[in-house]
Amino acid sequence: MVLVYLIDMDLESLLNDFFVFLSANKGLSINSCKAYESDLKFFCEYFKHRKLNDVNLFEYINEQKKLYKPASLNRKMSSLRAFLTFVNKNYPLGLDLNNIKNIKTSFKFETPIDFESLKTLFSDTRNGLILLFFYATGVRVSELINLKISDIYFDAGLIRVTGKGSKMRLLPISLDVLDKVKHYITNIRSLYTNNYSKDYLFISKKGKPFTRAAIWKIIKLESRAKGFDLHPHSLRHLYATHLLENGANIKTIQELLGHASLNTTVKYTFVTDKTLNKAFKESDFFNK
């Protein structure tokens, strides 16, 4: 087995090549590449002055298990697996990547919230509109912060979002919500605009596009002020659930959410027994 040190120059070069690969070959967005960078930051520090071999890699993974909860650990392991697969093509390390395994987790269902209760979150402020926009469209955080005014088709009631893998999709949106968007653009957003604002729909008071962390903070603070404890994905879950409960087809919801797998979509719905029974009766061909 060949043992090497990843010195500063080698490491920086490898990371840059990896990010170019993710962007050009995998079609990942800048935010997705930054997520990989964040996941790999500690790994790079750890192996600056250590030999990258199976023994040290095993010790590193065990340390990570002590630091992170299963969901966070699995994300970091997925990033590490992808990076080391790329590294193995440049250095003959002979690493056994089978040791980098995700641990099984049980999906945590959150308590569903009815629409009447949710309405208390949707004020005429910028933050209130951000919460409403998440619920009204089911977009991801990355999709919301990158949304441009030019991506909104006001007359048609549609928005264009760019999802994972730079895949674009059109989403329907209520005209009532779009009226609130128009009000925000004219009366609130116009107060913040500057050279940094460009065409981004949601901007901070400094006129800059929001970061993912800033959006998470807004959702947390606004929801807790109303007695909830939500995050952006909570509203995405509720969007899917309420569509299903009101008769939407699960395949349609999959398209709206931009999921590659239907299994992922199912996890995004707080399915009740009543909803399942209704869906079964509607599709029970034995009684037709």
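The model is predicted, so local features need pLDDT of at least 70 and side-chain atom pairs count only at pLDDT 80 or more, whereas totals for chains, interfaces and linings use all residues. Residues are numbered from 1 along each chain as its sequence is written, and side-chain values use heavy atoms, with hydrogens and water left out.

**The chain as a whole**

The chain has 13 helices and 3 strands; these elements are DSSP runs, numbered from the N terminus, with helices (H or I) of at least four residues and strands (E) of at least two. Of the 288 residues in the chain, 41% are buried. Among the contacts with a separation of 6 or more, 57% are between residues 24 or more positions apart, a contact being heavy atoms within 4.5 Å.

**The sheet**

The strands form an open sheet of 3 strands in the order S1-S2-S3, with antiparallel pairing, and its edge strands are S1 (152-153) and S3 (168-172), each of which pairs on one side only. Two strands count as paired if DSSP finds at least two bridges between them. S1 and S2 are joined by 2 bridges, and they form a hairpin with 4 residues between them, where Gly157 in the turn has a positive phi of about 70°. S2 (residues 158-162) pairs with S3 over 5 bridges, and in the hairpin of these two strands, which has 5 residues between them, Gly165 takes a positive phi near 70°.

| Helix | Residues | Span, first to last C-alpha | Expected span |
|---|---|---|---|
| H4 | 70-88 (19 residues) | 26 Å | 27 Å |
| H6 | 126-137 (12 residues) | 16 Å | 16 Å |

H6 is mostly covered, with 12 of its 12 residues buried, whereas the buried residues of H4 include Leu73, Leu80, Phe83 and Val87. Asn127, which lies in H6, is buried with a relative accessible area of 15%. Leaving aside neighbours within four places in sequence, Asn127 is in contact with Ile218 and Glu222, and a polar contact of 3.1 Å joins the side chains of Asn127 and Glu222. A polar contact is a pair of N or O atoms within 3.5 Å; within protein, one must be able to donate a hydrogen and the other to accept it, and residues adjacent in sequence count only if both atoms are side-chain atoms.

H6 is followed by Gly138, whose phi is positive, near 70°. In the loop between H6 and H7 (141-145) stands Arg140, which is buried with a relative accessible area of 10%. Not counting residues up to four places away in sequence, Arg140 touches several residues, including Phe134, Gly163, Arg169 and His259.

Methods. Buried < 20%, exposed > 50% of the residue type's maximum accessible area, 1.4 Å probe, protein only. Expected span 1.5 Å × (residues − 1).
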